[in-house]
Amino acid sequence: MAGQGLPAAALGGAAQRFEQTVLGYCARQGLFAPQDRVIAAVSGGADSMALLVFLLRSAAALGIRVEAVHVDHGIRGERSQADAAFVAGFCARHGVALHAFSALEEGIPVPQHPSEDWARRLRYGFFARLLPGAKKAPQISPKPGGAGGPAAAAGQPAPQGQAGSAAGQPAPQTSPEPGPRVWIATAHTLNDQAETLLFRLARGAGLRGAGGIRPVSGAFVRPLLAVSRAETEGYCAALGVPFVQDETNASPAYARNRLRAVLPALVSANAGAPRHLAAFCERMQQLDGYFAAKGETLLQAAQTPGGWSLAVLQRALGGEEPVLEAALRALLESALGPACAPDARKLELAKQLVARGRGALQLSGGLALTAGQGRLRLCAARNASGGGFSGAQGAAGPRGAAPLAGDAPAGPNGAAVPSGACPQAGLPAPVWDAQGQNRPRQTPLPPPPEPAPPIPFAPGVYRLPGGYAFSARVERVPRGENFIKLCPIHKKDLNSCADYGKIQGNVLLRTRLPGDTFRPPRRGVTKPLKKLCQELGLSPAARALRPLLAQGGRVLWFWGQGFAEGLAPGPDTRDVLIITPLLGEKEVPLWE
């Protein structure tokens, strides 16, 4: 049983206060729910050992199942291997399932002067493998009774077939059946929060950066943000929990360590300085959430066919600039994906573009944000030389930008194609033989068309590059009626219907971006969209062109898969959004 050998009853004094503080913080932040799988990131230091022991001792109270993960970066040679063996031995003795990663065993070369950012990206890349839908990770399987075998003691991964068998704990969920949520818990403390705030302010952070480390970020949770580093060491001492010391934590070679030396000076001026800095971060998080909600409202008010009204956005200039900045951040994050969040300079240039009302701003991902003719729009950024924009342009329109449609062309039955949707690309017809089979082409296919730039979604008719064509309409359900009973349809067809009230906000029609995730209907698992495309056997061209609806990096609807789980109409649904491929159009585009 996980946690065996640890003191069963709560101790008095500092240890009891520690657990009560952390449990209270978890409850306030809503971090865990019964049946959640919580995988503690354990380096072997005092903070991470305190985190693991707290989770094990509180597992019954929280209703969670606890595992651990350790990453050996390979930076410190034999000493880091010794840390890995220490963590493996502790987990084996206490019956904790351990996922072990090693840069050396994975064949990942360590840079000559590895940076903090390199190590962080390596860790989080390994952590991502433990989340639902990811490839199974190596896992150490302690024997019943807590005695680990030779592989466990040495910190070596168990054979692939044994992954998930440890102490009755499941492996990272990859089955289509519904299952518990999976969290990666990191041991960031109140001190880390204070250091992060100082570091970001020194680099010119805005409101969001001043919020510091969030208690929840994606699949990552930080239960120890309410306690200090001294308290984690005191907790370990009170319970007799051993931990290791990483000598690089004192090395001035790392910027974080140099900044860490500032805190003692602040503490000498005010003993509560770290706690006050952490409280400031919480207030900034609340403000950021407030302005984010106001920004979404502003974007909805400004939405027009193919873009956003400059007149509406410009009303926020002056006294409401934080709202405008939040709106522009949400717009750019939705267009570029969560992996390409805009920095402070990009946001400032976007605000200047809105204020000026004309010109263009180059974004990453081959996109430009353009202003002109009363609208702010997204379009493909390219010019005659094959490059893009170098910054905000002063011309009335973007030089070299692929133009968006002006007047909406007529679709079937006179329905308008929303402005900004690209016309269907002209593609060569297939060649059929006498038996009706498609013969190999004598000439190669032309390159696939460019994806359409992201546009605000609204009901209408769309024709997009690659032959994708569909209509999106909203039907009102009479009050007191149940949509499912009123319009009985097959389960497969229900995938094309959504409760429109659940997807209001800054929704963009676009194509796949790095970091996108999708929750396929009735499968109970969230997947990286990249992995889903691989499972569907989509070619690179098809992946680039398949349309989807998204809020930020969360995909709400994906061509061929329907709406995400949780969006289906229910008994109380009043407005139903229905997306249907156009009759007479290609239902499976050529580039599939």
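Figure 1. Ser102 belongs to strand S3, residues 98-102; helices (H or I, at least four residues) and strands (E, at least two) are DSSP runs, numbered from the N terminus. The model is predicted, local features need pLDDT of at least 70, side-chain atom pairs count only at pLDDT 80 or more, and totals for chains, interfaces and linings use all residues. Residues are numbered from 1 along each chain as its sequence is written, and side-chain values use heavy atoms, with hydrogens and water left out. With a relative accessible area of 11%, Ser102 is buried (buried: under 20% relative accessible area; exposed: over 50%; partly exposed: in between; 1.4 Å probe, protein chains only). A polar atom of the Ser102 side chain lies 3.3 Å from the backbone nitrogen of Leu104. Not counting residues up to four places away in sequence, Ser102 touches Asp72 and Phe126, where contact means heavy atoms within 4.5 Å.

**Figure 2. The aromatic pair of Phe101 and Phe126**. Rings of Phe, Tyr and Trp (its six-membered ring) pair if their centres lie within 6.5 Å; planes under 30 degrees apart count as stacked, over 60 as edge-to-face and the rest as tilted. By this rule there are 13 aromatic pairs. Phe101 and Phe126 are stacked, at 4.6 Å centre to centre with 15° between the planes. This pair links distant parts of the chain, 25 residues apart: Phe101 is in strand S3 and Phe126 in helix H4, residues 116-128. Both Phe101 and Phe126 are buried.

Figure 3. The rings of Tyr124 and Phe127 form an edge-to-face pair, 5.4 Å centre to centre and 65° between the planes. Tyr124 and Phe127 are separated by about one helical turn because they are 3 residues apart in helix H4. Tyr124 and Phe127 are buried. Arg120 lies over the face of Tyr124, 4.4 Å from the ring centre; a charge sits over a ring if NZ of Lys or CZ of Arg is within 6 Å of the ring centre and within 35 degrees of the ring normal.

Figure 4. One aromatic cluster is formed by Phe457, Tyr462, Tyr468, Phe470, Trp557 and Trp559. The charged end of Arg546 sits over the ring of Phe558, at 5.6 Å from its centre.

**Figure 5. Phe199 in helix H6.** Helix H6 spans residues 190-202 and includes Phe199. Phe199 is partly exposed, at 27% relative accessibility.

Definitions and conventions:
A polar contact is a pair of N or O atoms within 3.5 Å; within protein, one must be able to donate a hydrogen and the other to accept it, and residues adjacent in sequence count only if both atoms are side-chain atoms.
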